[in-house]
Amino acid sequence: MQSKTSFCEFFNKTLFRKNLMRFWPLWAAPSFIGALFPLAVLTNLLRDPHWNLTALQLTASYYEIVTYGLPIISLCYAILVAIAVWSYLFNARSVGLMHTLPVRREGLFLTGILSGMAMMLIPYVITGALAILVFGLSGVFNPMGIFVTILCVIGESFFYFSSATVVAFITGNLFALPVLYFIFHFLAVAMDWLVNLFATGFLFGLQGDYSGVVEYLSPTVYLMSNVRCDRQYTETFISDAIHGSLTPDGYGYYESELTSVALRDGWIVAVYALAGVVLLGIAYALYRRRRSESAGDVVAVGWMKPVFRYGVALCSAMAGGLALYAIFWGSFQSGDTYDVIPLAIAMLIAGTIGYYAANMLLAKSLRVFRGSWKGLALTAVCAVAICCTMYFDLFGVETRVPTLDQIDHMTFYAADNNYALLPDEDAELIEEIRAVHLAIAEDADYIRAMEQNLRYESAKDRSEFSLHNTVRVNYYLKDGTSVSRRYSFPIVRSRLEDPNTYDYALDRMVNGQNSRNKRFHLNDGFIPMNGYIYLEAGDEGHHHSFGDREARQIMAAVANDIANGTCGVYNWFESNHYDYSYAMDYALDLGIEFQKPVVLADGQNSTDYDSISIRVRPEMDHTVNALLQLGLADQDSLKTRLELFPENYSAEAQEWFDKYGYAYETSFPTPTEVITGSSSAASIGIIGGADGPTEVFVTAG
Amino acid sequence: MIEVKNVVKTFDGFHALDGATLTVPTGSVYGLVGPNGAGKSTIIRHLTGIYRQDAGEVAIAGETVWENAALKARIAAIPDDWFYYAQSNVRDMMRFYKGMYPNFSTERYEKLKSVFNIDEKRTIRRLSKGMQKQVAFWLTLSCMPDYLILDEPVDGLDPVMRRQIWSLMMGDVAERGTTVLVSSHNLRELEDVCDHVGIMDKGTVLLERSLAQLQDNMVKLQVVLPDGMADIPAEVPVLHASKIGRIHTIIMRMNAEEATARLAVYNPLLVDAVPLTLEEIFIYELGGVDYAVKDIVL
């Protein structure tokens, strides 16, 4: 017998139509809401025909929506559509009807996919068509921008719906679908955070924040943090003697014009769309093997049930274990690292709860205890194994220091200074830093013991102990991975002369020629460009700017002071005294700006800019003479802060500091972010004084 | 012909079907009976392509049912819990069935409208359970199926409507050669319409015969013994015996002639064969496999 269905085995228009009509509010409501935006623009245009909007500005706004709005909208909308389209799978009656119909699984699957994609895209089509119509009528039209936006919308819609589809075929329970879907999308970043949190509590030097190494497995996070809208502006000087203000070019003002807009890293959307194809393939394979009787099961795929059971147990053991530990043992913890036995007990309790909760969900019954001891024992062994692996550092994480040839670039922070280093240019300094790192890592037990003791003995002799010195080191390796460590440790004066200590290695490195050359841009290609000096004088100060000639002269003088040893050394112990570190400096700010021509990765020529701030002390003869000769200061204005503000260094101030201390932190893009381009800043400068406090300074591009 | 051979189906270790085998001749009305949990609905879900067997074969008209869209276009089924879209009325579901089943007859649908007398524009979920069942029959019969598979089909229908629906189905069998497989607990009703019967228990088909064969294989006799004999002699193989006054009613697993001959040696005053109901056959066949008669829901 000839059957109609034989002609369209892979698509059933009746079912397609039924899906769209049954769930029409799902696509009609967002279509209506979406249509309001272009209609609102239309009313604005009608009210103000001279509304100034360029095609590029419009494209930029499209791209902003693509980068920030589209992933979130698609994430949420896709699960609603998937719930609607695949709802028949979760009910024994409906799955019975659908699988009795003369349509093959392929037909049901493809029809469902097309129905879902239609629901996903109809609101965009309606909104987009209206937007193009409205903006096109007002002469604002950029075909490329629209084309790219359409591709992104289709790509992300497809990916998110595919991911929701694959989850729909993993589960047989309508309520589990959205839960598993969001777990699917955010598990990677959550586990990254959890593992880092866990490891940080055990492993010396490990940074406790989110690493992002598997962020690509959480597409929403990855898309929102990587796809960007790049804009380029051209500034035009408008000469206007009447209304303009005085500028270096005369009377007038600068007008910015948007000259180009691009979607940076938009290819990521295409990669996820391809991943969506793979996910659909997996979903189809699961459907082919899916048993209709699995309707209602939390996990419908047989082999995934143990994965779910032990995955839930493991996550529960780690997250719940940490929570229980923090609640019941956190205040008893003696050092910076977790107490392994209480944590193991907390993990066992949380793991057991997770294990039985997973079993109950899988069995759809509360009676899951009989005969479950084997699984429980396995969960317990895993929890203890995780604790032991971390506690004994079985993977050698604490002592891992990359070799020079493994490093692509690196950053280092110590003694109030940041360094951005490249192996080709700074090999010697990198080796010195590696030696410091290795020395710190090998002294982990000593540092832990010291920190533990010093916490309760902070009133120790301040001339012998410098507490809580921080070192941060980040290696970015050629294989794309990174090693990041952060240490806080005491410096002990007696150990500064012992070559077998990290105190010695760090002091030598910080006060060594290589690090100074790096801090002051001596012989590293940076050219002094200009600068300023601010002379403090009570409530009023005097500011002077100067050009490249003066800047070069000052830097030559600074270099001479360094060579003559009159620039001073970094004193690890002076910060124990309230503002004492600044007391003997001249009361002035001296800043120099540098520039360096560079060739970017794409072959284009560019310029790096940098700024430093120099602390000037009376013993810096060459620098002081240069300032006097250049007329940037005179003998009367050169006073130390102790001379100028004696009240700041009184006994009462020191007493207050001894009692309360002080600390401050500033937050700027890291040097790595600048080097790798993940920050919008164009260059980085190290504002460093003569071994004094330093801040990272970033100039906008 | 519907053929099920040695089908095994396991749910989480429980054997719902354990080597079930049955054959439904083309154009016959086959009644599938058995206690609760025997596997009747499971076997029907295999025949409609919902379940895939772990082992064995499920074929209709010589073709495997699983994923056979062309074959399934010739099969219509009414499960015990028929599904309809929650917001749909009869007309909506008719359009859906019409789009799905190539042989759907609008003409028949219109003809049956007068039989069922249900407002097409009423939402189905607002109809009573019996009326929903009528809608299921209305649509299913409009699909003009060659194979009609029904699971507890007339539950909830009033006696008049039951008779009406059976009449329609018997008409299809007679006119179009439709093959009907029906599972039911209502043995009295099946007895009137079925020409073949299969009895299931614990995932297997214990026996399947034509109704005539079944009735021929078991006999129910009313016997009056001569004076001096109070009971049926122990050597007579009786499945069941009861007594009212001097009249003994016995059931024996043999045909009437053989049973009469066995009893003749005791010179009974009366031996009279009376028809066995399907219900009695069902009870005494299953009695052999330790089925507790008291548990049967009849």
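## Helix α11 of chain A and its cover

The buried residues of α11(A) are covered by elements that include α10 (304-328) and α12 (373-391) of chain A. Buried residues have 20 or more other C-beta atoms within 10 Å of their own; exposed ones have 12 or fewer, and partly exposed ones fall in between, with C-beta atoms placed from the backbone. Helices (H or I, at least four residues) and strands (E, at least two) are DSSP runs, numbered from the N terminus. Contact requires C-beta atoms, placed from the backbone, within 7 Å.

The model is predicted: local features need pLDDT of at least 70, side-chain atom pairs count only at pLDDT 80 or more, and totals for chains, interfaces and linings use all residues. Residues are numbered from 1 along each chain as its sequence is written, while chains are lettered from A and ligands numbered from 1 in the order in which they are written.

Helix α11 of chain A runs over residues 340-363. Its 24 residues should span 34 Å at 1.5 Å a residue, and its end C-alpha atoms are 34 Å apart, which agrees. The expected span is 1.5 Å times one less than the number of residues. Among the buried residues of α11(A) are Leu343(A), Met347(A), Gly351(A), Tyr355(A) and Asn359(A). Lys364(A) follows α11(A) and has a positive phi, near 50°.

## Chain A overall

Chain A holds 22 helices and 13 strands. Of its 701 residues, 36% count as buried. Take the contacts in chain A between residues at least 6 apart in sequence: 73% of them join residues at least 24 apart.

## Helices α1 and α5

Two packed helices are described by the angle between their axes and the distance between the axes. In chain A, α1(A) packs with α5 (residues 105-137) at an angle of about 35°, and the axes are 9 Å apart. Axes are lines fitted to C-alpha atoms, for helices over the stretch in contact; angles run from 0 to 180 degrees between N-to-C directions. The crossing of α1(A) and α5(A) is right-handed. That term applies if the near helix is turned clockwise from the far one by less than a right angle, and left-handed applies if anticlockwise.

From α1(A), Leu15(A), Phe16(A), Asn19(A) and Leu20(A) take part. They meet Thr111(A), Leu114(A), Ser115(A), Ala118(A) and Met119(A) in α5(A). This contact has 6 nonpolar, 3 polar and no charged residues. Ala, Val, Leu, Ile, Met, Phe, Trp, Tyr, Cys and Pro count as nonpolar; Asp, Glu, Lys and Arg as charged; the others, Gly among them, as polar.

## Leu180 in helix α7

Leu180(A) sits in α7 (residues 176-200) of chain A. Leu180(A) is buried, with 21 other C-beta atoms within 10 Å. Beyond neighbours within four places in sequence, Leu180(A) contacts Val167(A), Ile170(A) and Thr171(A).

## Where chains A and B touch

Chain A gives 22 residues to the contact, and chain B gives 22. On the side of chain A, α1 (13-22) and α4 (92-100) each supply at least two residues. By class, the side of chain A that touches chain B has 5 nonpolar, 9 polar and 8 charged residues.

## Two domains in chain B

Chain B is assigned domain 1 (2-209) and domain 2 (214-295). These bounds come from an automatic or database domain assignment. The domain centres, taken over C-alpha atoms, are 36 Å apart. Their contact takes 12 residues from domain 1 of chain B and 10 residues from domain 2 of chain B. On the domain 1 side, the largest share, 4 residues, comes from α7(B).

Definitions and conventions. Contact = placed C-beta atoms within 7 Å.
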